[in-house]
Every structure is written in C-alpha cells, then in structure tokens.
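I'll jot down what I look up as I go.

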Amino acid sequence: MAEIRTEHLKAGYERKIVVDQVELSVKAGEIVVLIGPNGAGKSTILKTLAGLLEPLDGTVFLGDTSLKELSLTQRAKNISVMMTGRNHTEYLTVYDVVAGGRYCYTDLLGKLSETDKEIIEEALRTTGAYEQKDLEFTKLSDGQKQRVLLARALAQKPRFMILDEPTSFLDLGYKLSFLEIVKDLARKNQIGIIMSMHELEMAHRVADKVVCITAEGRVDKVGAPGEIFVPQYIERIFRISPGLLGQTYHFGKIPNPVAQVSERLKDPKARFLMVQGTMSSAGKSLIVAGLCRIFKQDGYRVAPFKSQNMALNSYITEDGLEMGRAQVMQAEAAGIKPNVYMNPILLKPTSDSGSQIIVNGKVIGNMRAKDYFQYKTQLVPDILAAVKELEKQADIIVIEGAGSPAEINLKKNDIVNMGVANMLDAPVLLVGDIDRGGVFAQLLGTIELLEEEERNRVKGLIVNKFRGDKTILDPGLVMLEERGGIPVAGVVPYMRLQLEDEDSLSEKFDRKAEGAVQIGIIKLPHIANFTDFDVFEQVPGLAIHYITGTKEVESMDMIILPGSKNTISDMIWLKETGMESAIKKYSATDNPLLGICGGYQMLGESISDPLGVEAGGQVNGLGILPVKTVLAGEKHRSQVQGHFLTPTGILESLAGIAYEGYEIHMGETTVLSDEISTFTEGESGYCRGNVWGTYVHGILDSAPIVKGIVNALAKRKGIDLDLNQVIDYKARKELEYDKLADTMREYMDMDLIYGMMGIKR
Amino acid sequence: MKRRVGILYFILIVSIVFLVVLNLFWGSSSITAERMWEILRHPQSADLYGVIVWEIRIPRIVEAIFLGGALALAGYLLQSFFANPIAGPYVLGISSGAKLFVAILMVFSYELAFSMSSMMMVIASFLGSCVAALFVIAVAKRVRNMAVLIVCGVMIGYVCSAVTELLVSFADDSNIVNLHNWSMGSFGAASWTNVRIIIPVVCLGFVCSVLLSKGISVYLFGETYASSVGMNIRLFRFCLIVVSSLLSAIVTAFAGPISFVGIAVPHVVRTVTKTGSTKTMILASFLGGSAFCLLCDWIARYLFAPTELSISTITAVFGAPIVIVMLMQKQGRKS
C-alpha cells in the first residue's frame with residue numbers, strides 16, 4: 001500500500017507535454033532523486049506526483065488508489081510538498097509557518113489543538129529549527145528557511161514528501177546537514193521521499209534510486225546510483241562536453257575501459273567488406289569509392305561506411321547534419337545520397353591535442369585526445385545503430401578504416417579499424433602504397449603486428465599507386481603471398497583523378513601547377529573545407545596555388561581567402577606573417593579578392609567573439625569590406641540554393657546565375673556601410689569592386705560559375721582561354737568514378753573480393 | 001508581539017469611542033452635554049436637536065463605522081488575493097466599476113420611470129465590483145508586476161469615469177446633481193433605512209472573512225503550497241473575490257467611491273502590530289477602517305463648516321502619501 005507509482009504518465013501544462021514516459025515508484029522509507037538538466041521537467045513531474053498538476057495521460061497511484069480519486073484532504077494527509085515559490089510571509093514567525101502544515105487537520109477556523117502543537121514542536125526539533133521558532137521567517141537565512149519549510153512539510157504528517165531542489169541555494173554545510181535530516185526522515189520515520197537535485201555528488205550519496213530525465217523531457221533511465229553516476233552517462237544526460245566532467249567531478253572510482261570492444265552487430269543483413277590501409281593516404285578512400293562504383297555497376301545496392309573520420313573538411317547533409325567528405329564522395333560513387341549514418345563520428349581537430357566531436361552529425365563538444373581515447377567506447381552503440389540504418393538501404397556496405405590498424409599503442413578500444421571489422425565480422429582488404437616506397441614492409445609489417453584473430457580477418461592485400469612495369473613487381477608479389485599467407489587481390493595503378501580529397505594531408509598543397517591564369521588560395525593554418533576549390537583543377541590553363549608566403553601573393557591573378565576552423569587565430573596569423581599587408585596591398589590595386597566563410601569574415605572590419613566561441617576577444621579584420629562579424633554560440637548549418645544578386649567588378653557577368661552550396665559557420669555578419677552590393681542571397685554575402693565575400697561553401701561547384709570567374713580573370717589579363725572542355729562538375733565526377741571503377745576492375749581480382757563477402761558470381 | 005496587538009486594539013477602541021463622541025457633539029449646530037444626554041435617553045423626542053442627533057448624526061456615525069471597516073477589510077482581502085500590499089478596491093478600479101453600474105442604474109431609473117431602492121443600488125454596485133474585479137484578475141494572471149496592476153486599475157477607473165460622464169451628458173438635471181454628489185463620496189446621505197441594509201451585509205462579509213482567514217494564512221505561501229495542503233484553490237479564490245467585492249460594493253452603493261482607505265489602513269495596522277496572523281489583521285483592519293473613516297468624516301464636516309467636503313478629499317490626503325511611501329520602500333528593497 002505504501003507506495004507512489006506512475007503508469008504511462010505524461011506530465012505537462014495545458015495539453016503541452018513536458019515529460020513523457022514517466023514510469024517510477026517510491027516506497028516508504030525510500031529516497032528517490034530526480035536528476036536532469038534545467039528545464040527537463042523535473043518540477044513538472046514532482047507537481048504531477050503531488051497532484052498539483054493533472055496528468056496529461058496515465059495515472060499516479062497512491063497505493064492502489066488513483067490520486068485523482070482521493071479527496072484534497074486525504075491527499076494532503078499522505079503527501080506533502082516543499083517547492084520553491086513566492087511567499088508573502090511578512091511578520092510570520094517560524095512557528096506560524098510550520099503551523100501552516102496542520103491545515104488539513106485543523107477545524108474551520110484553523111485553531112491548533114494540543115496534538116497539533118506537539119506535532120509542530122516535534123517537527124521543529126527534528127529539523128533543528130526549534131531554536132528559531134519565535135523569529136520572523138523572512139529574516140532567516142536561506143539555509144534556515146529550508147529547514148523551516150521542511151519542518152512544515154513534516155508537520156503535515158505525510159507518508160511521502162516531495163521536495164523540489166531543496167538544497168539549491170544552500171551553502172555546503174547546510175546542504176549536507178539538510179540531506180542528513182532527509183535521510184533520517186526516510187530511515188527513522190519511514191517517509192518515502194522524492195526530490196530533485198542538481199548536486200550530483202550528493203545525490204549519489206543520499207539516493208536509493210535515481211531517475212534521469214533528458215533535456216528532451218524523457219525519463220531516460222531509472223536505476224541505482226552506481227548505475228547512473230558514471231561520468232560518461234552523466235555527460236550525456238547533461239550534455240557536457242565529453243571528458244569535461246571527469247576533471248571536476250568524481251563519483252567514486254571511474255571504471256576501467258574494457259580492453260576490447262566486445263559488442264557485435266546482431267543479426268547482420270548486409271554483406272560487409274572493409275578496406276584498411278598501412279598508413280594514412282595509402283589510397284583507401286578511392287579504393288572504397290571504386291569498389292562502391294563496381295558493386296553498383298554489378299547491380300547491388302551499396303553504401304560506404306567509416307565509423308570515425310578525422311578531418312577539417314565536413315559536408316552538410318540535407319538534414320543539416322555534418323559528416324566527413326570522403327563518405328560523400330564514396331556515396332556519389334555508389335550512386336546514393338549521402339547520409340550521416342555513413343559516418344557517425346566526425347572529429348575536427350581544433351588544436352594539436354584536441355578535437356571537436358561530432359556524433360550523428362551534431363556537435364557534442366570539444367575533447368582532448370586523451371579524454372576522447374577514454375570516452376570513445378561509449379560511442380559503440382552509435383556505430384552499430386548507424387550500420388543498422390545503412391543495412392536498410394544497402395546489400396553491400398564497404399567500410400573504410402582509418403590510418404593504420406597496427407598502431408599498437410592505440411589498439412585498445414579501437415573503434416575504427418579492427419574493432420569495427422570485429423563488430424561487423426567483416427573481411428578486410430589491406431592497402432599498401434607503393435608510391436611512397438617500402439610496400440612489402442608496409443604490408444608484411446602490418447600483418448606481423450596484428451593479433452592472430454585480427455590477421456585472420458585480412459583476406460586480401462592491395463598494392464596501390466603502382467607506376468611502371470608490373471612484370472618487375474610480380475616476383476615480389478609471389479613472395480609476399482608466401483610470407484604473409486594472404487593472397488594479393490590487386491595491383492592498382494597510379495591514377496590522376498579529379499575527385500575530392502579527404503583531409504589536410506592531401507598532396508595537393510605541394511603540387512606545382514602551371515597555367516596562364518593563377519589563382520592563389522591562402523593556406524591558413526586552420527584551413528577548412530578546401531574542397532571548395534577542387535573544381536578549378538579541371539580547368540585547363542588555370543593553375544591554383546596554396547600559398548603561405550607574402551611574395552607569392554602579388555603574382556596571383558586572384559586571391560581566395562578560404563574558410564577557417566578558427567577564424568580569429570587565423571586572422572592573427574595573417575597579421576603575424578605579414579600576409580595581411582600583402583593582401584591589403586594586393587587589393588589596393590583593385591586585384592580580385594574572394595573570401596569564403598571564415599575568409600569572408602576576415603575581409604571585414606572586425607571579428608569579435610564575446611561569448612568565447614573560439615578564443616574570445618576581438619580582432620580587426622582586413623578592413624577591405626565594410627562588414628563586421630560577431631561570433632555567436634549557435635552554429636548555422638544549412639544547404640542553400642540561390643542566384644548571384646549584384647556582383648561587382650569583373651564578376652558583374654555572374655549576376656543571375658544560380659548556385660548551390662551550403663553554409664556552416666558560427667557568426668553573424670552585419671553590413672556597416674551603404675557602399676556595398678549584395679553578392680549572394682539571404683544576406684549571406686556582399687561585395688564591393690573586385691572584392692567579394694560569401695558564407696556559401698561549394699558555390700564554385702558549377703560550370704557556368706567557374707567559367708565566368710576564369711573568363712573574367714583571363715580577360716582582365718588580356719588572354720584567351722579555351723574553356724569548352726569545362727563541363728559541369730557533377731557530370732565530370734561521374735566520368736571520373738567510372739574511370740576509377742574500370743581501372744580497378746582491370747587490375748583487381750574481383751571474383752576473389754566477391755568471394756570474401758560470400759558472394760559467388 | 002502579542003502585546004503590540006493588544007495595545008493597538010485598545011487604542012483603536014478608545015479612539016472609536018472618542019471619535020463617536022466627537023462626531024456626536026461637533027457639528028453645524030452645537031449641543032451641550034446635558035441636552036445630549038436628554039436626547040439620547042429619549043430617542044422619540046421630536047424636537048429639532050433630537051431629529052438632528054437621531055436622524056442625521058447617529059446613522060452617519062454607524063455608517064462611517066461599518067462602511068469604513070468594510071472598506072479596510074476589502075482592501076486587506078484584495079491584498080491577500082493579489083499577494084500585493086498596494087491592492088485595494090479604489091486603486092484596482094473595483095470601486096469605479098461599482099460606481100459605473102450605480103450610475104447606470106440611477107440614469108435608467110429616471111428614464112424608465114421606476115423608483116430606485118437601496119437594495120437595487122447594492123446589487124448594481126456588487127455587479128459592477130465583480131466585473132471590474134474579474135478584469136483585474138485577468139490582467140494579474142498575465143503580469144506579476146505590482147505597478148502594472150495599479151496602472152491597470154487606474155485605467156479602469158478612467159474608463160468607468162468616461163462612461164459615467166457620457167451617461168451624465170444624457171441625463172436629467174436632478175439626476176446629475178444626485179450622481180455628482182454621490183460620486184464624490186460622502187456619508188452625508190446616511191439614514192436608518194440604509195443602516196438597516198448596511199449592518200447585516202457588512203456583518204455577513206466580516207463573518208465570511210473570518211471563515212476565510214485559515215485559508216488566507218496558507219494562501220500567502222503561494223497557490224502551489226496551498227493546494228498541496230489540501231485547499232480547493234478555485235473555490236477559495238472565488239469566495240475571496242466575492243466577499244471582497246461585496247464589501248467594497250456596499251460602501252460604494254451608500255457612500256460612493258472612497259479612496260485609499262483600503263490600502264492605507266491594513267498597511268498601518270500591519271506595520272504597527274508586526275503580526276502575520278490573519279485573524280488579527282481582519283479584526284484590526286476593520287476597527288482601523290472604522291476609526292479612520294470617523295476621523296475623516298469629522299474633518300470633512302468640520303474643516304470648512306458649514307460647507308462639507310467629500311470624504312475622498314480627506315482620505316486621499318492621508319492615504320496617498322502612505323501609498324507613495326510604501327512604493328518607495330518596495331523599490332528600495334529591490335535595489
């Protein structure tokens with residue numbers, strides 16, 4: 001009988017559900033603590049349990065009776081509450097306040113009987129407020145007030161007490177002593193207690209049972225404190241940057257991470273194939289893309305997958321979610337739309353030792369590498385869930401690994417290479433890069449460093465980026481198969497493809513290009529989304545340069561300031577290196593200057609960061625465009641379509657041309673002067689003379705726009721370029737994927753590869 | 001603290017007795033003590049002084065006692081309801097609502113040629129009070145700000161006055177005179193007929209207030225708490241607003257709108273006694289209102305005798321500064 005229990009409870013105000021799926025119970029003598037972020041709906045639940053709010057759905061039971069069926073007096077005799085709220089208790093003494101608790105017992109005029117008086121005094125003594133009984137209530141300290149209010153709740157002689165954040169405004173001493181009193185009430189008086197708290201360490205100590213409510217208003221978990229108070233779980237509930245909690249809070253001992261991720265995908269439906277490399281840039285991404293295209297050509301539904309990407313470059317899906325670009329490229333090869341399940345975890349390096357962590361397309365916080373290493377096993381369910389989603393749309397899932405699977409210092413808790421192969425029970429192709437030399441050592445060394453079980457997963461070796469005469473290589477391959485005991489599945493020749501690259505390790509920065517028209521892209525230390533400029537690579541007679549030196553600036557026909565992961569620090573870098581004055585000088589003679597996203601912000605008068613989104617503070621920009629930027633906490637993420645409005649200078653001819661792209665930035669840019677024209681739609685970009693700035697990434701990805709720009713540059717220089725070959729970037733890419741697939745078919749043993757996946761052809 | 005309450009009761013009762021005597025003796029025509037004694041012993045005596053005392057002065061004193069008490073009590077109840085020490089029937093526009101309805105009644109009774117009874121006045125006044133009170137409650141639900149509530153009350157007052165003016169411009173001359181005198185606020189129209197209605201209605205209001213006192217003391221802690229100790233909030237609020245409307249309606253019906261008594265008296269009582277007890281507040285406010293109105297009525301009559309001032313003139317002179325001081329204290333405490 002002595003129990004408060006809920007069934008299918010939905011709590012909220014005026015038909016608006018605040019908390020859903022409330023299933024909890026409190027027994028006599030038990031302390032149940034509600035935790036959750038502000039606004040999660042803790043108070044709403046408590047009010048509903050107390051009968052002060054009608055449940056929107058479901059029932060609150062007191063014993064076997066629904067709370068609704070009790071009379072107000074009966075309810076008050078069973079449940080008392082202590083809530084934060086206004087009171088107008090001027091001149092009321094502590095005793096008067098506590099006497100209020102006897103309301104449901106006294107007669108019509110509220111006269112206190114002897115029993116009432118005894119109970120009031122006992123309540124005052126129990127809570128340690130007896131000394132103050134004749135003092136004026138409003139003159140007490142917060143700590144004393146809370147005790148008095150507890151005494152009042154106790155004077156009601158309830159079987160259950162509902163306390164809403166009773167310790168919130170108290171100092172440490174009062175908090176602890178208050179909780180001791182509460183504990184005593186539960187143990188000695190056998191009162192069932194439900195309370196909400198923000199002090200997690202204390203909740204840990206006092207609670208018998210903990211109810212966790214998420215920010216979305218859902219009861220996420222009900223369990224013993226030991227189960228709930230695990231840093232990773234608390235971080236999730238309170239949306240704390242992973243790893244941050246451990247620095248300030250300790251809930252006893254932090255459990256040791258498990259050495260090997262033991263979860264497996266249950267009931268797999270698709271076939272898996274994993275491509276791992278002996279090193280970064282061994283060519284995994286392209287091999288995966290090629291395989292995707294091949295399987296697609298052979299009539300399979302195929303999807304790429306990479307559990308975790310580390311890259312500055314990200315892509316925004318139609319749902320506004322962020323994912324790695326490599327999987328987007330591979331999805332294009334597979335002929336499907338990219339979605340965030342293809343890359344559930346994205347790490348964007350923000351410094352040498354830290355990254356922004358993006359899970360399922362949403363930023364969950366910044367973490368130091370060390371902390372992430374501890375944290376990442378928590379993400380295994382996300383990885384498996386993503387694969388489950390992909391299985392719905394694919395027969396074959398081609399998985400890409402990251403770096404090398406033989407980093408023996410990092411193998412514990414791996415969730416990208418063998419860890420994933422293990423979870424999904426996938427056969428592995430190991431790719432070595434012959435172009436960099438030492439391909440036999442790469443392959444055999446990697447195999448050597450794998451555990452037996454892992455080694456058995458490797459079903460084929462691939463020598464990538466081969467140039468020259470294969471007959472010279474063949475004897476080596478035979479020995480390779482003999483020594484490693486694993487067949488060579490192919491020798492893939494070096495290919496020059498105009499496809500997007502994965503990350504900043506790309507070779508393109510070193511490439512020396514020659515051409516009649518030169519475009520210089522400032523290589524900022526935190527350069528981001530530089531795939532914006534890949535489109536230029538296909539233009540004959542045009543050379544692009546990633547430049548870091550002031551001397552190079554003046555020889556360019558156009559300078560582009562790209563996006564940045566850390567605009568303020570890159571702006572400071574521009575000043576430090578003298579690039580700022582070089583660019584200003586360059587622009588002073590009316591040379592073309594284009595800024596995209598962070599680069600656009602730098603073109604303005606100032607960039608300030610009042611909220612400390614990046615490093616805080618304010619920095620002066622180049623002052624070339626009369627705009628200023630304030631970084632805000634909210635990140636803009638959206639795909640956009642539009643037309644160029646009124647471009648100025650040599651780009652006048654772009655007016656009215658349609659563009660497609662995406663915006664991703666933290667910051668609001670406002671115009672400071674009328675002498676400025678709109679460049680792109682929706683106040684996303686402005687221009688003046690030969691200076692243009694826009695927030696839209698990928699704006700160059702269409703043939704007319706590229707042609708327009710390059711033509712204008714050529715005309716300005718007084719030369720003629722034949723741009724007939726420039727075709728739409730998308731069509732161009734399709735051709736490239738087919739070329740890739742054809743080459744790989746030619747040089748790889750596709751039957752062997754199908755065989756690995758258990759497919760006979 | 002208990003002693004302070006005792007002293008206040010004592011002072012109030014003594015001053016009421018003193019003021020009654022003062023009002024009895026002091027008027028346009030002076031009466032000696034012996035003559036007064038005679039008159040009081042023989043109520044039926046038909047001489048001029050007898051009529052003055054029995055038909056004019058005594059009913060007027062009784063009205064001042066009961067209506068003044070009712071007004072202060074209504075103020076206290078409204079302050080509890082809105083959890084706002086500056087609430088009162090006059091500033092919240094409740095008196096103005098009552099005034100408007102009574103004015104409508106007055107004009108229509110002439111136009112439609114029916115005679116207006118005291119009871120009809122009370123009912124019209126009560127309806128007007130309730131309508132204005134409901135409006136103020138609707139505003140108070142949206143804004144918790146004390147000042148906004150007062151401004152809103154003042155606006156209701158203006159609107160009601162505007163409509164009343166409108167009625168006046170269409171009304172007959174004699175009605176205008178009535179209406180004007182009445183709307184100034186005065187105990188001058190006191191009669192035994194009125195007293196016979198006033199006493200039972202005010203007593204009813206007082207008893208209801210005492211019955212509500214237990215609820216008020218819990219309601220002061222906020223609705224959430226009150227409902228958690230088993231109070232039926234809707235019923236309680238309903239009763240509270242009906243009783244306070246009734247009390248301010250009876251005053252408006254018979255003496256017109258009287259300003260500031262509702263705020264000033266409970267405030268002074270609270271400050272002097274430093275009590276949080278609702279029962280003490282109810283009784284002391286009532287007695288305080290009686291004493292205050294007796295005093296003000298005497299001043300209104302005496303100051304420029306034989307010209308009589310409207311009682312609101314006097315109550316405002318005393319009451320308004322008190323309200324200003326309260327507002328300043330409130331603001332001071334915030335900053």
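**Entry 1: where the chains touch.** I started with the contact, which takes 21 residues from chain B and 28 residues from chain A. This is a predicted model, so I am reading a prediction here. Next I asked which helices of chain B each supply at least two residues to the side that touches chain A. I found helix H8 (192-219) and helix H9 (223-228). H8(B) gives the largest share of that side, five residues. I also sorted the side of chain B that touches chain A by class: eight nonpolar, 10 polar and three charged residues.

**Entry 2: a helix in chain B.** I then looked up helix H10 of chain B, residues 233-255, which has 23 residues. From its first C-alpha to its last, H10(B) reaches 33 Å, close to the 33 Å expected at 1.5 Å a residue. What comes just after H10(B)? I found Gly256(B) there, with a positive phi of about 75°.

**Entry 3: a sheet in chain A.** My last stop was an open sheet of three strands in chain A, in the order S33-S34-S39, with antiparallel pairing. Why is one side of S33(A) and of S39(A) left without a neighbour in the sheet? Strand S33 (636-643) and strand S39 (696-697) of chain A stand at the edges, so each has a single partner strand. A friendly reminder to myself: strands of a sheet pair through backbone hydrogen bonds. I followed strand S34 (residues 658-665) of chain A to S39(A) and found two bridges, in the antiparallel sense. Within this sheet, Tyr662(A) stands opposite His697(A) in S39(A).

Terms used: Residues are numbered from 1 along each chain as its sequence is written. Chains are lettered from A and ligands numbered from 1 in the order in which they are written. This is a predicted model: local features need pLDDT of at least 70, side-chain atom pairs count only at pLDDT 80 or more; totals for chains, interfaces and linings use all residues. Helices (H or I, at least four residues) and strands (E, at least two) are DSSP runs, numbered from the N terminus. The expected span of a helix is 1.5 Å times one less than its number of residues. Two strands pair if DSSP finds at least two bridges between them. Two residues are in contact if their C-beta atoms, placed from the backbone, lie within 7 Å. Ala, Val, Leu, Ile, Met, Phe, Trp, Tyr, Cys and Pro count as nonpolar, Asp, Glu, Lys and Arg as charged, and the others, Gly among them, as polar.
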